[in-house]
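Subject: Structure handover

Hello,

Here is the structure I promised to pass on. Please open it alongside this email; my notes follow below.

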Amino acid sequence: NPSFYELLGKKNAQTAVIVATGPSLTKQLPLLKEIQDHVTIISVDASMPILEKWGIKPDIVTSLERVKETAKFFKNTSKKFQKDIVFLSSALQHKDIYKNIKDGQLVIPMRPFGYMQILGIDEYGYIGIGMSSANLAFELAFLMDYKSVIFIGQDLAYGTDGKSHAQNHVYGEDEVKIRDEDSFITSYGGKGLARTNDIWRLFLGFFVSAIADAKKYLVAYNCTEGGVRIDGTVEMPFKEAIEKVIDKNFYKKQIVLEKPSQAQYEKHIKHVKKNMTTML
């Protein structure tokens with residue numbers, strides 16, 4: 001497969017839109033469809049079937065969770081839709097995920113763990129410090145040197161109607177049920193509180209940390225218009241962010257990745273086997 005380093009040099013716009021699957025996503029999709037030719041769309045895996053229904057093709061799809069159920073997001077999208085998409089899939093995922101990637105360009109980066117780094121093929125890693133596909137997407141946008149990153153659908157909270165996910169989510173809009181032990185946190189816009197849970201709080205923590213680390217290099221716009229406040233982002237309606245940072249006269253090109261040559265492949269395999277044997 002193409003290396004992770006190969007992807008890092010293939011930025012095809014100045015702005016990346018990260019598409020998560022929160023309950024607010026649906027209202028933003030008409031605007032996303034309008035600008036899809038002018039921005040890099042980085043979609044989390046769960047948003048992919050929703051985007052297909054809307055006729056919106058992402059440039060990159062990020063996938064991180066290890067469970068078998070994640071494969072359904074890929075199973076529920078067509079081969080035609082998957083064509084040309086770059087799938088950034090963590091090296092620790094369930095094999096059924098890889099089986100259901102029917103087309104496109106698959107990049108499998110290693111995560112920054114010691115037992116992966118010791119293999120010694122750095123160009124195939126390292127990414128995946130956070131816990132969610134959206135955390136992974138932001139980390140990727142930073143490493144690819146995007147100057148503006150726009151979040152949509154990144155609620156990290158239940159909607160006002162109690163829904164946990166956007167319309168047409170594969171596992172339903174109420175996949176995550178409200179529980180008595182759920183907590184409340186400052187809502188988007190700083191007015192009032194939004195109901196969240198411990199898992200979403202963990203995702204939020206990684207966002208806040210990563211955005212703080214990246215603030216010298218990019219501006220993160222939270223255009224979710226719902227959910228929780230993500231400290232360090234500029235809260236702004238999606239329409240206003242589009243007017244501010246997106247050049248509609250610019251048209252992106254498809255991201256095309258090169259695979260290693262047979263000689264490079266054999267060199268990597270020999271190197272990995274040697275280091276694996278030493279480690280064992």
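First, a definition: exposed means over 50% relative accessible area, buried under 20%, and partly exposed in between, with a 1.4 Å probe and protein chains only. Helices (H or I, at least four residues) and strands (E, at least two) are DSSP runs, numbered from the N terminus.

This is a predicted model, so to read it: local features need pLDDT of at least 70, side-chain atom pairs count only at pLDDT 80 or more, and totals for chains, interfaces and linings use all residues. Residues are numbered from 1 along each chain as its sequence is written, and side-chain values use heavy atoms, with hydrogens and water left out.

Helix 10
Start with residues 238–245, which form helix 10. Its buried residues are Phe238, Ala241 and Ile242.

Cores
A nonpolar core is a set of buried Ala, Val, Leu, Ile, Met, Phe, Trp, Tyr and Cys residues joined through side-chain atoms within 4.5 Å. The largest one has 73 residues. Leu32 and Phe138 touch the most other members. Contact means heavy atoms within 4.5 Å. Leaving out residues up to four places away in sequence, Phe138 touches residues including Ile18, Val149, Phe151 and Phe207. A second, separate core has 7 residues, among them Leu119, Ile121, Tyr124 and Val272.

The largest pocket
The largest pocket is lined by 35 residues. Nearest its centre lie Glu65, His165, Glu175, Trp200 and Phe203. Helix 8 (133–143) and helix 9 (198–214) each supply at least two lining residues. The largest share, 4 residues, comes from helix 9. A pocket here is an open set of points on a 1 Å grid over the protein atoms alone, where a 1.4 Å probe fits, with protein on both sides within 12 Å along at least five of seven lines; lining residues have an atom within 4 Å of a point.

Met144
Met144 sits in the loop between helix 8 and strand 6. Is Met144 buried or exposed? Met144 is buried, with a relative accessible area of 2%. Not counting residues up to four places away in sequence, Met144 touches Leu7, Leu8, Lys10, Lys11 and Ile60.

Best wishes
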